[in-house]
Every structure is written in structure tokens, then in C-alpha cells.
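I opened the notebook to record what I looked up in this structure, one topic to an entry. The entries follow the order in which I checked things.

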Amino acid sequence: MDEPLSLGATTPLVPPLYQSSVYTIPDLDALDRIMNAEEPGFTYARDAHPNARMLGDKLAKLEGAKWGVITGSGMGSLSAILLATVQQGQRVLASNRLYGRTTQLLGQEFLRYGVTTDFVDANELDAVEAALGKGPRLLLVETASNPLLRVVDVPALAKLCRQFGCLFVVDNTFATPVLTRPLEMGADIVMESLTKMIGGHSDVTLGLLCGNDPDRLPGVSAAVSIWGLASNPFDCWLTDRGMATLPVRVKAASANAAILADWLSEQPGVRQVIYPGRSDHPDHALAGRIMQGGYGNMLCFELEGGRSAVNRLLHRAAGIPFSPSLGHVFTTVSHPGTTSHRYVSPAEKRRQGIGDGLIRMSVGVEEVEMTQRELEKGLV
Ligand SMILES: Cc1ncc(COP(=O)(O)O)c(C=O)c1O
């Protein structure tokens, strides 16, 4: 075994990377003390490791949570909270506007294990109340939905969930804790895909679960370890670095998105622009209450020429990468119909308004004029 290097009285300014899958333990008594949480320490990285612990604690603070657990992806976080809380035969209630894979997770995967999900319009509080009457174990919504940015009334939904004894889980990926802290509005659990804005540089795949009820933590931690949903140290280390600039990035990108949304609405070939910061968005007033300090970096716009117009824009404005994710430091575009919502049925896409000409734009922090100049090439 390599001897640990002594740093004397010095400490590294930047948190070290603990790229080790296992730890050495002095003896069985020390192991017992660590396992019983009587003294600090780690044994096996799938159970816990220092980089995930540091990142989870830092994010928990930002979210106003008492605990934060890091997982290997946003989907891993959603799987973990479902595995930790829902039993066979129980029901789940979910928004009918979610990231496509989340809808599949509930409607296909958990259904195979005897968990039935009812999908409801989370913007219709009467419909949510009626569905809560069926006794679901949890309600899952996105603060601002992927892709069409419908913003939900988190405090009102939290109140309803409390009334019916239903766990309220919010996927806050599109808003980020910089703009919205759902726990402070009454949510029980917040989930974030750290792969997106929080990581911020498109070089990690991670997720977060956080909450305030300490009784919830052991079940979530066990699900992460037993089902193999754990994070790797290097991704946690990179995400910690990304977090240093998170508020600056989110605010700058939101300001750019607001400018681009208005500008796009005046460009040729653009049928409509969808951005919660615009007065023509169906949830504009609500978004003003739920998101503070900006309306986010995500916007959608629909081109008149459908799929061929989208391809033309991707070819001519190639300086804005077609990259089916979001939250990169610079602007990227995606096409929900063939990427994030690829496996959603045509009828369901029509219902949600995900057409062939719909482009989802993740706005970055670069000079907005640069993005406009590039977009102009593809909008003629
Ligand atoms: C709103 C939302 N939730 C969850 C996820 C899943 O996150 P990940 O890709 O980190 O598993 C995504 C991914 O695009 C998303 O957009």
C-alpha cells in the first residue's frame, strides 16, 4: 500500500479528488464505529465517498435542505426516490408534461413491478386534487417542464399533497436552485440532474436528491447503494468546480435567454417563441412567483417549415451545436421530437405541442450578439 503523503501544516485550497473505490480500515472495532456512524470514515465508494459527500452537503445548503445525496445521473436520482418510497401495488401521480425518459420510467418500468402511475395536468389544481383522492404515494412534477416550460404552482401543489399525505417530489433541473428552491415552498424532496446547468460544462453525468426529513435519508442512501446508482468521484469533483460559477452562469444565461426570446419572435420563419419570461407564455405570472431573479436559460421556438427547416438551421447555423442536452456554458440547441421525447407516442407529442419544427434552445453565457449573428444564418 502507498504511504499517504504528508502535507504538514498545509491544506489544498481546492478539495482533493478521492479517486478510490475502497478505503483501508484499522480493525474490526473501527469498522463497527464507522458503520454505526459513531466516527467519520468511508469503506466502499458505492456506499459513500468523500467527493459525493462534500458535493451533496454543498448542494443541500444551496437548496435549503438538511441532507443531499448524489447519484450517478438524474434518472438515477428519480429511480432512487421511487425505489426508496413506493411499494408494489401502490400508485404514483405525475405531471403529464415530463422529460420523456421520466415518463417511460413511470409508465413502463415501474409499471412492470406493479406500480401504476396516473398522469395529470399539474397546472389544473382541481384535477390534481381529484387524482390525489386515489391515494398515490408520491406526486412528481418538474418546476418548469421539459421542453415547453410550463411552470407549476409549487406552493399550491405542496399544500394539496400535505392534505392528502402524499410525498411531493420536484424535478428542479430547468429552474436550478439559483432561481427556485422548492423545499422552501413546501416540497418534500428535490431532484436535480447535475448533468445540466449545475455541472454546467457538459462533462459530467450526475443527479441529486435532497430533503429535510432525516428519516428519508437511510432509505434513499440504501437504494443508491443496493441498486447501484452511485456517483463516481471525478464527476463529483468536476461538478463542485462548476458550482463555483453557478449563480453567475444562471443569471447571465437567463438574461441572454430573455433577449433572445424577444428577438426570435421577430425573426422570419419563426412561428412562435415559448419562454416563461414573455407575457404571452401561459404561466408568465406564475413563473414570476416561482422563479426569482430570472426566468431561466431555456426557451423553445417553432419554425414554420417543420423538420426540413430545422435541418436547414442546423446546417447553416452550425456554430450553435445541435447537442441533445442542456445547461452547457455556451448556447446549444436540441430537437425534442427526435431526442428528449423521441419515444413519446405521436398522439402524446401532439397533445403536448411537440411538433417537427420545435427547437429547444439552452442559452449560454456568451455575448448574445454572437448567438444572434449565427442564428440569422439559419433563419433565412
Ligand atoms: C427535466 C429532466 N429531468 C431529468 C433528466 C435526466 O437527467 P440525466 O440525463 O442526468 O439522467 C433530464 C435529462 O435531460 C431532464 O431534462
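**Strand β11 and its partners.** I began with Phe301, which in this predicted model stands opposite Ile359 in β11. Strand β9 (residues 298-303) is joined to β11 by five bridges, and the two run antiparallel. I then looked at β10 (residues 332-334), which is also antiparallel to β11 and joined to it by three bridges; here Ser334 is the residue that stands opposite Arg360.

I next asked how well strand β11 (residues 358-362) is covered, and found that five of its five residues are buried. In a regular strand the side chains alternate between the two faces of the sheet.

For helix α10 (residues 246-264) I compared the span with expectation: 19 residues at 1.5 Å a residue should span 27 Å, and the end C-alpha atoms are 26 Å apart, which agrees. Its buried residues include Arg249, Val250, Ala253, Asn256, Ala257, Leu260 and Leu264. An α-helix has 3.6 residues a turn, so residues three or four places apart point the same way. I noted that the buried residues of α10 pack against α7, β8 (270-274), β9 and α14 (368-378).

Helix α1 (residues 28-35) gave another picture, for the count of buried residues among its eight residues is zero. After α1 comes Ala37, with a positive phi near 60°.

**Domains.** The assignment divides the protein into domain 1 (49-243) and domain 2 (246-378), and their C-alpha centres lie 24 Å apart. The contact between them takes 31 residues from domain 1 and 35 residues from domain 2. On the side of domain 1 that touches domain 2, α4 (100-112), α7 (176-179) and α9 (233-243) each supply at least two residues. By class, that side of domain 1 has 14 nonpolar, 13 polar and four charged residues.

**Ligand shell.** Which residues are closest to the ligand? They are Ser73, Gly74, Met75, Ser193 and Thr195, out of 15 residues that surround the ligand. I sorted this shell by class and found three nonpolar, ten polar and two charged residues.

**Backbone geometry.** Most residues other than glycine have a negative phi, and most peptide bonds are trans. With that in mind I listed the exceptions that I came across. Thr176 has a positive phi near 70° and is found in helix α7; with 28 other C-beta atoms within 10 Å, Thr176 is buried. Ser202 has a positive phi near 55° and sits in the loop between β6 (189-193) and β7 (207-211). The peptide bond from Asn146 to Pro147 is cis, with omega near 5°, and Pro147 is placed in the loop between β4 (138-142) and α6 (154-164).

**Thr116.** Last, I looked up Thr116, which lies in strand β3 (residues 116-120). Is Thr116 buried, exposed or partly exposed? Thr116 has 14 other C-beta atoms within 10 Å, and is therefore partly exposed. Leaving out residues up to four places away in sequence, Thr116 touches Arg91 and Leu111. Gln88 is 28 residues from Thr116 along the chain, and their C-alpha atoms are separated by 8.9 Å.

Technical notes. Residues numbered from 1 in each chain as written. Predicted model: local features only at pLDDT ≥ 70, side-chain atom pairs only at ≥ 80, totals over all residues. Near = placed C-beta within 6 Å. Nonpolar A, V, L, I, M, F, W, Y, C, P; charged D, E, K, R; others polar. Helix = DSSP H or I, 4+ residues; strand = E, 2+ residues; numbered from the N terminus. Buried ≥ 20, exposed ≤ 12 C-beta atoms within 10 Å, placed from the backbone. Contact = placed C-beta atoms within 7 Å. Pairing = 2+ DSSP bridges. Domains from an automatic or database assignment. Expected span 1.5 Å × (residues − 1).
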